[in-house]
Amino acid sequence: MDKYVLVTGGTGYIGSHTAVALLEAGYQIVIIDNLNNSSKEVLSRIEEITGTTPPFVQADLRDTDTVHEVFEKYSVTSVMHFAGHKAVGESVENPSMYYANNIGSTLSLIEAMQAAEIFTLIFSSSATVYSSTALSPFKEETEKDPINPYGMTKYLIEQRLTDLIKTHADWRIGLLRYFNPLGAHPTGRLGETSIGTPNNLMPYLMQVASGKLPKLKIFGDDYDTPDGTCIRDYIHVADLAKGHLAALQFLKGRTGAHAWNLGTGKGTSVLELVETVEKVIGYPINREITSRREGDVIEAIADPSKAYAELLWRAELTIDDMCKDSWNWQQQNPDGYSSTR
Ligand SMILES: NC(=O)c1ccc[n+]([C@@H]2O[C@H](COP(=O)([O-])OP(=O)(O)OC[C@H]3O[C@@H](n4cnc5c(N)ncnc54)[C@H](O)[C@@H]3O)[C@@H](O)[C@H]2O)c1
């Protein structure tokens, strides 16, 4: 059993769900997050669900000395690295911020890990590393050619992490390429929040469903797909969290850098997702079809067979589960973590 797993970005959406999964599996964890896109309230919610409040250090990962102190204090033996900026549109508007934070924080983390001789790292990568002209389903070896700065930071970080193997044979690296995470903790106590207007489809949909935003814009219904809208591989955040534990287990027995797609292998169109939300909430979503959005790929679906073969992991939850859990979260927390109960 690991002494401590450091969870960077552990108060964020995916990090917090994985923190719960780690605690429930008996791991000890410590969280570093600068709260740039999350709330300290998440720690109380983790405590509510698991009975444990994990140690938390509010710091920017680029502060290498603080990261190193955390390694020493908690005898950390492995790291799950979620921290980073994640909004594609924002990365196009402000690429420097994305390169500085996503790459800067990873380089700082690597430096602190090397100094502390910690060599196990699981990184939150993304399906955005794949070429926009590649055909779905994407295998791990499908051509990479990110079309926005966010995807490029993920790609460059993957390269840097893979390079580490050349300098030290003990490195054990997991590159987890998430497809489209949705859903929330089944208790409704953890979920996806957004500071300001949401960038991601589900939080946006939830705010329209609850009357906080007037309508959903669907960017194009004239694509070459059965209903004309883009198709994505949506995956429940709880399934993603389990994928991290499976990867950690795998890396105990293997050195090297290993990439896995974490997706369901099933495509759902934007319209199908909206209709599933309508079924769950029981009334129609106010929506408008607008012109296509630049940079949107028609279809992005994972081939998750490598994760199944090597990690014995596969997604189990459905689009219905994702929509039900997101709606439960939205109703319990209309103002995200600033809602009180
Ligand atoms: N949510 C998605 O759709 C999606 C898809 C693919 C990949 N990912 C990746 O997964 C990871 C987690 O995503 P999420 O949805 O949980 O995002 P999130 O914004 O909810 O969580 C990221 C956390 O990192 C923290 N953070 C950012 N920069 C930091 C820094 N320099 N130092 C310390 N903390 C910092 C933020 O405060 C936040 O709590 C990200 O790396 C993201 O790029 C997310």
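E1 (4–8) pairs with E4 (76–81) in the parallel sense, over five bridges. Strands (E, at least two residues) and helices (H or I, at least four) are DSSP runs numbered from the N terminus, and two strands pair if DSSP finds at least two bridges between them. The model is predicted; local features need pLDDT of at least 70, side-chain atom pairs count only at pLDDT 80 or more, and totals for chains, interfaces and linings use all residues. Residues are numbered from 1 along each chain as its sequence is written.

The β-α-β crossover from E1 through H1 to E2 is right-handed, that is, clockwise from the first strand over the helix to the second with the strands pointing away from the viewer.

Five of the five residues of E1 are buried, so the strand is largely enclosed by the rest of the structure. A residue is buried if 20 or more other C-beta atoms lie within 10 Å of its own, exposed if 12 or fewer, and partly exposed in between, with C-beta atoms placed from the backbone. Tyr4, Leu6 and Thr8 lie on one side of E1, and Val5 and Val7 on the other.

The 22 residues of H5 should span 32 Å at 1.5 Å a residue, and the 31 Å between its end C-alpha atoms agrees; the expected span is 1.5 Å times one less than the number of residues. Buried residues of H5 include Tyr98, Asn102, Leu109 and Met113. Among the elements covering the buried residues are E1, H3, E4 and H6, where contact requires C-beta atoms within 7 Å.

The ligand is surrounded by 27 residues, the closest being Gly9, Gly12, Tyr13, Ser38 and Ser124; a residue is near if its backbone-placed C-beta atom lies within 6 Å. H1, E2, H5 and E5 each give two or more residues to this shell, and H1 has the largest share, three residues.

| Residue | Phi | Location |
|---|---|---|
| Leu312 | about 55° | loop between H10 and H11 |

Glu117 counts as exposed, with 10 C-beta neighbours inside 10 Å. Leu312 is exposed, with 10 other C-beta atoms within 10 Å. A cis peptide bond, omega about 0°, joins Ser136 and Pro137; Pro137 is in the loop between E5 and H6.

Definitions and conventions. Two residues are in contact if their C-beta atoms, placed from the backbone, lie within 7 Å.
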